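Thanks for making the time this morning.

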Amino acid sequence: MKILLNTDEIISHMKKKGIKFNIVSENDAKRFLQNNNYYMKLASYRTNYPKHQTGVNKGQYINLEFAYLQELSTIDMHLRYLIVQMCLDIEHRLKVSLISHIENNPEEDGYELIRRFIGYTNAKGKLQNEYILQKIHRHNSSDYCKDLIDKYYPFFPVWVFVELISFGDLAYLCDLLL
């Protein structure tokens, strides 16, 4: 059983499914598949298009051009890059806001705040956020994190803690504290 189709076989398969190559040639499609994308990702966009329900072309796509799939994959890539950049900007803003909040509230202690956050217990008396410390500890081999973890673990000040946790854990921290 052959598991992986080569690019020519993929194009042949797409043609059997009714995908046309009038706007983008088969050679250009082949280059695109070899250099810019892979079949399963590109094929996922075809589900947005209708198929013939009856007749000789039953099960084939109606007027679906490879170019449409190619364009959707390109738009998807740009959208993903935009979302990643937005997430990085949001993460940075959350960190700045959290640190500013603590700096502007002298009654807040950057060390105690994290102790309370990690030490928050659930109804069973178990540390609710201990898993965050465990995740941090697993990154002890990282050149970026190692020195910070070695110096502060497990009693982190908030300004170090926010550099070591995931975006999801940062959002959770902000949700509980702000």
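Let me begin with the largest nonpolar core, which has 23 residues, and in which Leu98, Ile136, Phe156, Val158, Phe161 and Leu173 have the most contacts; by such a core I mean a set of buried Ala, Val, Leu, Ile, Met, Phe, Trp, Tyr and Cys residues joined through side-chain atoms within 4.5 Å. Buried here stands for under 20% relative accessible area, exposed for over 50%, and partly exposed for what lies in between, with a 1.4 Å probe and protein chains only. Please keep in mind that this is a predicted model, in which local features need pLDDT of at least 70 and side-chain atom pairs count only at pLDDT 80 or more, while totals for chains, interfaces and linings use all residues. Residues are numbered from 1 along each chain as its sequence is written, and side-chain values use heavy atoms, with hydrogens and water left out.

Returning to that core of 23 residues, two or more residues are given by each of α4, α5, α6, α7, α8 and α9, and the largest share, five residues, comes from α8. These helices are DSSP runs of H or I with at least four residues, strands being E runs of at least two, and both are numbered from the N terminus. Val158 touches Leu98, Ile99, Ile102, Gly110, Leu113 and Ile114, leaving aside residues up to four places away in sequence, where contact means heavy atoms within 4.5 Å.

Now to helix α1, residues 7-16, whose buried residues are Thr7, Ile10, Ile11 and Met14. Seen down the helix axis, they fall within an arc of 95°, so they line one face of α1; the arc is that of the directions from the axis to the C-beta atoms. These buried residues pack against β1, α2, α3 and α4, and just after α1, Gly18 takes a positive phi of about 95°.

What about disulfides, meaning pairs of cysteine sulfur atoms within 2.5 Å? A search of the whole structure finds zero. The sulfur of Cys87 is 14 Å from the closest cysteine sulfur, in Cys174, which is too far for a bond. Cys87 is partly exposed, at 31% relative accessible area, whereas Cys145 counts as buried at 9%.

Last, the loop between α3 and β2 holds Thr47, which is exposed, with a relative accessible area of 61%.

Definitions and conventions:
Disulfide = S-S within 2.5 Å.
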